[in-house]
Amino acid sequence: MQAMLMAQRENDLIRASLRGESFKDHCYDLQVHEGNLADIIPIVDVASTSQSQNDRIPKPPPPPPVSIWTRMSLRKRVVASASCVPTETKDTWDKLFSEGYRSDVCIVTCDQNIVLAHSSVLGVASPVLKTSLKLAKVKDGVRYLRISGVPSMAVRVFIRFLYSACFEEDELKTSALHLLVLSHCFRVPSLKRACINVLEQDWMSAENVIDVLQLARKCDAPRLYLMCVRLIVKDFKKVCATEGWKVMKKVDPALEQELLEAVVEADSRKQERMKKIEEKKVYMELNEAMEALLHICRDGCRTIGPRDKVLRGGYFECPFPACKGLETLVRHFATCRIRIPGGCAHCKRMWQLFELHSRMCDEPDLCKVPLCR
């Protein structure tokens, strides 16, 4: 009875909504405006239908994870694109250096040449130069610095690099050692890497490897130092005859002892490697001999084999390379008449092969090799 009353009440509400009546008399505070019912119902049906269809569509799979290598390559690409310097900008800095426009620093080289520069550029490019500029003498608003011990051309190439990070290849190759010293002393790592690359690629030889080695040791270039040691070990006789080696023996005997120990160690490794190669060669020959012996005694070969096998004749090409030599040795062993102490060397070799086979054989009762048990 209660269910019938609730159904009647719902029907009354629907009729009232269709007539545009308000729901003030009921528990809802809503109003339905007049309009065409045919314009309202299809919209509701379409929305509900599309929503139900969307519910049935499976969710797409998650995107593949970005690997660490992909992230690193993207990061490098972004950094490379962000640090791209136009050619015009480099030319501007080169022009500023070459013309010395409003320069406030005079760098005096060992041969009394003067290189004009700007204190702001030098201080930003090198922390060592920044400290030196603070302590430099000032005369008429110009600071004077002295860089001695290297040629003036190397100093000019070095200062130019601080401006535009540019250099000429021939100048870098000519002054590679001096620029390595300058870049290390004034803490310019980019120029130091460039100098090390030039020295490693096509600059070192037996004549100058001792000089490069000493600089690499003092300028904290471990990879360059290792390459110098390898070159010295490789061409030790040529290096010992150079003037650099003779001077190094007098000036730095500890370095000489270190190099001699490296040569001895490399020679020992070479001898050990050759010994292992020779042992491997002997093992391979013994293995081939064992296979050929088993092949002759079990299957038979061209003109020798067990009695119950049909021999294939001399025209047959045996796949075992040691078979021919072993066949000759077996024939000699069967016909040799030497019975004196010490015996025959060929027969001793055959006895060694029989003994080695007997130690390696897993089925001595079924084996057809003579004297296996």
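Ser164 sits in helix H7, which covers residues 152-164. In this predicted model, the serine has a relative accessible area of 6%, so Ser164 counts as buried, the cut-off for that label being under 20%. What does Ser164 touch once its neighbours within four places in sequence are set aside? The contacts are Lys90, Trp93 and Asp94. With Asp94 there is also a polar contact: the side chains of Ser164 and Asp94 are joined at 2.7 Å.

Let's turn to helix H4, which runs over residues 87-99. H4 has 13 residues, and at 1.5 Å a residue it should span 18 Å; the expected span uses one less than the number of residues.

Our next stop is Val128, a residue of helix H6 (residues 127-135). Is Val128 buried or partly exposed? Its relative accessibility is 23%, and therefore Val128 counts as partly exposed; that class lies between the 20% and 50% cut-offs. Leaving out neighbours within four places along the sequence, Val128 makes contact with Cys185, Phe186 and Arg187.

Notes. Residues numbered from 1 in each chain as written. Predicted model: local features only at pLDDT ≥ 70, side-chain atom pairs only at ≥ 80, totals over all residues. Heavy atoms only, no water. Helix = DSSP H or I, 4+ residues; strand = E, 2+ residues; numbered from the N terminus. Buried < 20%, exposed > 50% of the residue type's maximum accessible area, 1.4 Å probe, protein only. Contact = heavy atoms within 4.5 Å. Polar contact = N/O pair within 3.5 Å; in protein donor to acceptor, adjacent residues only side chain to side chain.
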